[in-house]
Amino acid sequence: MAEKSLEEKIDELFGICAALTAFVTELPNATAVEMPKMKAAIAANKALTEAQAKFAVDAARELKHAAAEKHEGGH
């Protein structure tokens, strides 16, 4: 497995931060966070590069699944 470049790691970090921001923003108003809303929030963040936005959507999806699992009684 090839090691990620510093640029890829930075893109991933920015993407994760954007996903967390979108996720937390949705929590007060929704019992279940919806991916279309999170994708729209990520797309609205014009500071993200295309790679960062892709990482953000992937991270948001993982956050959504983790929250749903916990809400449904998962660990």
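This is a predicted model: local features need pLDDT of at least 70, side-chain atom pairs count only at pLDDT 80 or more; totals for chains, interfaces and linings use all residues.
1. Of the 75 residues of the protein, 24% count as buried.

2. As for the overall arrangement, the secondary structure consists of 3 helices and 0 strands, so that, read from the N terminus, the elements follow the order α-α-α. Among contacts between residues at least 6 apart in sequence, 57% join residues that lie at least 24 apart.

3. The largest nonpolar core holds 13 residues, and those touching the most other members are Ala19, Met35, Met38, Ile42, Ala56 and Ala60. At least two residues of this core come from each of helix 1 (6-26), helix 2 (35-44) and helix 3 (50-71).

4. Once its neighbours within four places in sequence are left aside, Met35 is in contact with Val57, Ala60, Arg61 and Lys64.

5. A reader may also wish to examine Asp11, which is found in helix 1. Asp11 is buried, yet it has no salt bridge, and the nearest side chain of opposite charge, that of Lys4, is 10 Å away.

6. What does Asp11 touch, not counting residues up to four places away in sequence? The residues concerned are Thr49, Ala51, Gln52 and Phe55.

Methods
Residues are numbered from 1 along each chain as its sequence is written. Side-chain values use heavy atoms; hydrogens and water are left out. A nonpolar core is a set of buried Ala, Val, Leu, Ile, Met, Phe, Trp, Tyr and Cys residues joined through side-chain atoms within 4.5 Å. Buried means under 20% relative accessible area, exposed over 50%, partly exposed in between (1.4 Å probe, protein chains only). Helices (H or I, at least four residues) and strands (E, at least two) are DSSP runs, numbered from the N terminus. Contact means heavy atoms within 4.5 Å. Lys and Arg count as positive and Asp and Glu as negative; His and the chain ends are not counted. A salt bridge is a side-chain nitrogen of Lys or Arg within 4 Å of a carboxyl oxygen of Asp or Glu.
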